[in-house]
Amino acid sequence: MRVLGVDPGLTRCGVGVVEGVAGRPLTMLGVGVVRTPADAELGLRLVAVERGMEEWLDKYRPEVVAVERVFSQHNVSTVMGTAQASAVAMLCAARRGLPVALHTPSEVKAAVTGSGRADKAQVGSMVTRLLRLSAPPKPADAADALALAICHIWRAPAQNRLQQAVAQHASAVKGRPS
């Protein structure tokens, strides 16, 4: 499975591509950051994020896009920019017919480090180990994007089984006489 992880942000949108399957060594194919100038007009910044996402999608041809689920923060302007960048990533994936998976920051941290409360340094350290890199990806947004992709690769088989079980249960309940 080839996954494009996206750590959404309006100034720095982390992107990383990981390939592999759960239970086997994973391979990083690319990592980086799509940047926009903080003083540029919002619409132009969103177009820049879109162009960056399209370049990554064209270059790496992922099967799935894993995006960090936006959560409420104290700073409303920060959460708005994050949500807007997230929406651009989801739009680019949907336009290509790619599935989008959303993972919370604590899910990603728990999957990669074993603790949903891990700090950025711990996530970067584990991403470095898991992908057998010589150094942690910089900035942290890039490491977080790789962690999202790893999380999805590891969690997807269980999530798929759960979705199939729910669908089977729903069809069995639907088929029962009242």
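**View 1. The largest nonpolar core has 19 residues.** A nonpolar core is a set of buried Ala, Val, Leu, Ile, Met, Phe, Trp, Tyr and Cys residues joined through side-chain atoms within 4.5 Å. Buried means under 20% relative accessible area, exposed means over 50%, and partly exposed lies in between (1.4 Å probe, protein chains only). The residues with the most contacts inside this core are Leu4, Val6, Val15, Met53, Trp56, Leu57 and Val65. The elements E1, E2, H1, E4 and H2 each give two or more residues to this core. H1 gives the most, with five residues. The names H and E stand for helices (H or I, at least four residues) and strands (E, at least two), which are DSSP runs numbered from the N terminus.

This is a predicted model: local features need pLDDT of at least 70, side-chain atom pairs count only at pLDDT 80 or more, and totals for chains, interfaces and linings use all residues. Residues are numbered from 1 along each chain as its sequence is written, and side-chain values use heavy atoms, with hydrogens and water left out.

**View 2. Trp56 and its contacts.** Contact means heavy atoms within 4.5 Å. Neighbours within four places in sequence are left aside here. Trp56 is then in contact with Leu4, Val15, Val17, Gly30, Val31, Gly32, Val34 and Arg61. A second, separate core has 18 residues. Val18, Leu26, Ala147 and Ile153 are among them.

**View 3. Five strands form an open sheet.** Their order is E3-E2-E1-E4-E5, and the pairing is mixed. Two strands pair if DSSP finds at least two bridges between them. Strand E3 (27-35) and strand E5 (100-103) stand at the edges. Each has a single partner strand, so one side of each is left without a neighbour in the sheet. Neighbouring strands are turned by 20° against each other on average, direction ignored. Axes are lines fitted to C-alpha atoms, for helices over the stretch in contact, and angles run from 0 to 180 degrees between N-to-C directions.

**View 4. Strand E1 pairs with E2 and with E4.** Six bridges join strand E1 (residues 2-7) to strand E2 (residues 12-19), and these two run antiparallel. Val3 stands opposite Val18 in E2. Four bridges join E1 to E4, and this pair runs parallel. Here Gly5 stands opposite Ala66 in E4.

**View 5. Strand E4 is largely enclosed by the rest of the structure.** Five of the five residues of E4 are buried. In a regular strand the side chains alternate between the two faces of the sheet. Val64, Ala66 and Glu68 point one way from E4, while Val65 and Val67 point the other way. Four bridges join E4 to E5, which run parallel. Ala66 stands opposite Ala101 in E5, and Val67 stands opposite Leu102. E5 has a covered face with Ala101 and His103. The uncovered face of E5 holds Val100 and Leu102.

**View 6. Thr36 sits in the loop between E3 and H1.** Thr36 counts as buried, at 5% relative accessibility. The side chain of Thr36 makes a polar contact with the side chain of Arg45 (2.9 Å). A polar contact is a pair of N or O atoms within 3.5 Å; within protein, one must be able to donate a hydrogen and the other to accept it, and residues adjacent in sequence count only if both atoms are side-chain atoms. Not counting residues up to four places away in sequence, Thr36 touches Leu10, Thr11, Arg45, Ala48 and Val49.

**View 7. Helix H3 (residues 105-113) has buried residues Pro105, Val108 and Val112.** These cover an arc of only 65° around the axis, which puts them on the same side of H3. The arc is that of the directions from the helix axis to the C-beta atoms. Gly114 follows H3, with a positive phi near 95°.

**View 8. Helix H4 (residues 120-130) has buried residues Val123, Gly124, Val127 and Thr128.** They cover an arc of only 135° around the axis, which puts them on the same side of H4. Exposed Ala121 and Arg129 lie on the face turned away from the buried side. Asp119 caps the N-terminal end of H4. A side-chain oxygen of Asp119 lies 3.1 Å from the backbone nitrogen of Ala121. Just after H4, Arg132 takes a positive phi of about 55°.
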